[in-house]
Structure formats: structure tokens, C-alpha cells
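Please open the structure in the viewer and have the selection tool ready.

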Amino acid sequence: MKYLVLLVVLVVAIGIWRSNRAAPKPPQPGKSRPPALPQDMVACAHCGVHVPHADAQIQGDLAYCSLEHQRLGKP
């Protein structure tokens, strides 16, 4: 008898748990982000890696990908 009560309690608990779970919401078609605008790319004067102009370290008319390459200068 106690196993039957335990089984009933377990079934009720699983039922409550499953009903309280949030169903995954489908993505709304009108709420997507617009694509990012293209950015100007510049080549690092030290290694040649292309980085966005906004992220580049500029020194005079030369662009570098990092402060370390700016410190090392043009090879």
C-alpha cells in the first residue's frame, strides 16, 4: 500500500514539474536584429593582419593590430 501512495505522489510531482516548465518560445520573425554595417578594414603595418579601423592602433599614417605591434613598429 505504501508503494502505491509513493507511486501516486511521484506521478503527481512529475506532472506538476512538467506543467510548470516553460515551453521554448519560437523566434518572432519581426524581431531580428538588422545586419551590421560594413566597416573599413586596415592592415597591420607589422604583421599584415586586417583589423577594423575602429579597433586598430593608429600611429601617423600606419595602423597596427595591437599595442605590442605598435611598439615594435614596422619590420
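Begin by selecting C47 and C44: the sulfur of C47 lies 3.7 Å from its closest cysteine sulfur, that of C44, which is too far for a bond. A disulfide is counted when a pair of cysteine sulfur atoms lies within 2.5 Å. Next select C65, which is in no disulfide, its nearest cysteine sulfur, that of C44, being 3.7 Å away. By this rule, the number of disulfides is zero.

This is a predicted model, in which local features need pLDDT of at least 70, side-chain atom pairs count only at pLDDT 80 or more, and totals for chains, interfaces and linings use all residues. Residues are numbered from 1 along each chain as its sequence is written, and side-chain values use heavy atoms, leaving out hydrogens and water.

Now colour by accessibility (buried means under 20% relative accessible area, exposed over 50%, partly exposed in between, with a 1.4 Å probe and protein chains only). C47 is partly exposed at 38%, and C65 is partly exposed at 26%.

Move on to H69, in helix α2 (residues 67–72); helices are DSSP runs of H or I with at least four residues, numbered from the N terminus. Is H69 buried or exposed? H69 is buried, with a relative accessible area of 18%. Leaving aside residues up to four places away in sequence, H69 touches C44, H46, C47 and Y64 (contact means heavy atoms within 4.5 Å).

Finally, select W17 in helix α1 (residues 2–20). W17 is exposed, at 53% relative accessible area.

Notes
Helix = DSSP H or I, 4+ residues; strand = E, 2+ residues; numbered from the N terminus.
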